[in-house]
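Please set out a briefing on this structure, with the sheet first, then the nonpolar core, the aromatic pairs and a few individual residues.

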Amino acid sequence: MILALGVTGLCVAVIEFSALGRTNGTFSYPLDDTFIHMALARNLSIYGTWGVSPHEFASASSSVLYTLLLAGLFKLFSVRVVLPFILNCVVAVILLIVVQRWLRKEGIRAGGQLGILLVIVFAAPLPILVICGMEHTLQCLFSFLFIFGFSDWLEVSLAEPQQKWKFPWPVAIYGLLVTFIRYEGLFLVAIACLILLWHRKLGMAVKLGFVSVLPLAIFGIISVVKGSYFLPNSVLLKADPAPASLGGMLQSLGNILIERLTIVDTDNVPAGAHRPGISLLATQRLLIVIPLLYLVFLKYIRQRPAYGYSLGILLGGALLQLCLASTGWLYRYEAYLIFCTVVIGGVLIWKYGRQVMREWGPRIGWVLGVAIFALSFPLVLRSVAAFSKTGTACVNIYQQQYQMGQFLHRYYNQDAVAANDIGAVSFFTDGTKLDLWGLGNIQVARSKKKGYWTPDFLDSLCRAERVHTVVLYDRWFSDSLLRRWTKVASWQIRNNVICGEDSVSFYNIGGDKGVVLRQNLKAFEERLPAGVTVRYY
């Protein structure tokens, strides 16, 4: 455990040191989404408002618990950019301790513990989750506790059929936490409930589902009362619309079977959407690797059914993740599935790998090993990409989103501004933020869901909110909208690996404030870091 912690800390230190050397010593995250969480937490801790603007409710986060944790930390220690990073460092230590103790309980010796922990560190990859400063390290922890806690409890309960089953309150608490930290936790809970139904334990399934969903239901009711949707905007806007016709349902099913479960299609990706890549391919491979692990070690899984239940929950979770949710965005959405798969796969291989080799013969064993490695190779490529890009991503966010936030804080701190990437902009300013993409604004989110997200609507909404300054990616919006406003300047960064576009534009809406905006941009230009190219229009 100490060696695994040391390796994790060393990786984090190397990446952070490299990034700080290119950001003039300014601490930055590799995602603008981290600043969204911080903006929500800051407004909640200071103004008592759940939103990206200080006095306007907005359901802009798919992690309710993480936002509450950050708000509590901000209340205790004041609002500091580095706090999410520190929180993730602490959680990473707890995560490795919990896993190491479980491995020891499963009879894995010190060498095996070290090997499995190191694979976890690089496969998740844990250092990248820490540097992101988001909720995914906690998601890995709660997912692990729920999956393996439920599987162990179920094995013990089934081994004593004459005894009355006792409701597993610790497992139910883990279920509550895994859904409260991210909505994808519902996938794991749903599969667990299906397993209980398979064993004709309807009451247990209903209880487990009720306890797990309760906090999200309460938050959903609050959101509806506040005039928002039951689900967060970020969940709704990233989901495909539900087709109403039979033809639409068949087309949607075909898209899922082909584009989500079978191939990685990088063509015709709409603006603002994440381009599918190695994260999608790695998650798709789990649909093969997990059943293969089950078949190879079936003899030993029959002796230890908890392993089989764990694999079943992970397989169902991976399938639902691919069908209903996203992968990618700096290799974090699927991290909990890969993390838990590595744990159970490592245990099976370490405990029973030699016996399988002897039983199947060396030739078949080596062929099987090569097949598993080939199937798992996208996971290796995913980790390599994560480690190679994260430092540059920190620099990208510093050069673009961080500078946007600093500029607006300096000249338009109390003014209403519009943007489509709202994290740093919201965190560093106190005025009203109009999110043109909809994550932080219910009016825009509703227009997207109901089909009237048009240039006329966006222009009239900006003018109604008295927005004069707009910061956005040109390619995300139609020329019909942009021609109604006055383009003043653009900032372009190099070597972009994470930002929505490498160039962000500044627009003025109405009046003669465009002259002032140009003057302010020119005055701020000397503060911009090297690598940012400014152009005026």
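In this predicted model, 6 strands form an open sheet in the order β2-β1-β3-β5-β4-β6, and their pairing is mixed. Strands pair here if DSSP finds at least two bridges between them, and the elements themselves are DSSP runs numbered from the N terminus, with helices being H or I runs of at least four residues and strands being E runs of at least two. Residues are numbered from 1 along each chain as its sequence is written, and side-chain values use heavy atoms, with hydrogens and water left out. As the model is predicted, local features need pLDDT of at least 70 and side-chain atom pairs count only at pLDDT 80 or more, while totals for chains, interfaces and linings use all residues.

**The sheet and its covering helix**

- The edges of the sheet are formed by β2 (433-435) and β6 (532-536), each of which pairs on one side only, and from one strand to the next the twist averages 20 degrees.
- Strand β3 (residues 469-472) pairs with strand β5 (residues 503-508) in the antiparallel sense over 4 bridges; Thr469 stands opposite Asn508 in β5, and Val471 has Phe506 of β5 as its bridge partner.
- Strands β4 and β5 also run antiparallel and are joined by 6 bridges, with Ser505 in β5 as the bridge partner of Ser490.
- Strand β5 is largely enclosed by the rest of the structure, because 5 of its 6 residues are buried, where buried means under 20% relative accessible area, exposed means over 50% and partly exposed lies in between (1.4 Å probe, protein chains only).
- Helix α22 (residues 513-525) lies across β3, β4 (486-493), β5 and β6, and runs at about 20 degrees to β4; for such angles, axes are lines fitted to C-alpha atoms, for helices over the stretch in contact, and the angles run from 0 to 180 degrees between N-to-C directions.

- The largest nonpolar core has 175 residues, of which Phe150, Phe339, Leu436, Trp485 and Trp491 touch the most other members; a core is a set of buried Ala, Val, Leu, Ile, Met, Phe, Trp, Tyr and Cys residues joined through side-chain atoms within 4.5 Å.
- Helix α17 (residues 362-412) contributes the largest share of this core, namely 15 residues.
- Cys462 is placed in helix α20 (residues 455-464) and counts as buried because its relative accessibility is 0%.
- Leaving aside neighbours within four places in sequence, Cys462 is in contact with Ala418, Leu434, Leu436, Val467, Trp485 and Ile509, contact meaning heavy atoms within 4.5 Å.
- The C-alpha atoms of Cys462 and Leu434 are separated by 7.6 Å, although these residues are 28 apart along the chain.

**Aromatic pairs**

- There are 34 aromatic pairs under the rule that rings of Phe, Tyr and Trp (its six-membered ring) pair if their centres lie within 6.5 Å, with planes under 30 degrees apart counted as stacked, over 60 as edge-to-face and the rest as tilted.
- The rings of Phe35 and Phe428 have centres 5.9 Å apart and planes at 45 degrees, so this pair is tilted.
- This pair links distant parts of the chain, with Phe35 in helix α2 (residues 33-47) and Phe428 in helix α18 (residues 423-428), 393 residues apart; Phe35 is buried at 0% relative accessibility, and Phe428 is buried at 14%.
- Phe35 and Phe428 belong to one aromatic cluster, whose members also include Tyr398 and Tyr402.
- Phe373 and Phe377 form a tilted pair, at 5.7 Å centre to centre and 55 degrees between the planes, and both lie in helix α17, 4 residues apart, or about one turn of the helix.
- Phe373 is exposed, with a relative accessible area of 51%, whereas Phe377 counts as partly exposed at 35%.

**Two buried polar residues**

- His136 lies in helix α7 (residues 136-159) and counts as buried at 2% relative accessibility.
- The side chains of His136 and Arg332 make a polar contact at 2.8 Å, a polar contact being a pair of N or O atoms within 3.5 Å in which, within protein, one must be able to donate a hydrogen and the other to accept it, and residues adjacent in sequence count only if both atoms are side-chain atoms.
- Not counting residues up to four places away in sequence, His136 touches Leu129, Arg182, Arg332 and Tyr333.
- Ser63 is in the loop between α2 and α3 (64-77), is buried with a relative accessible area of 0%, and has a side chain that reaches the backbone nitrogen of Tyr66 at 3.4 Å.
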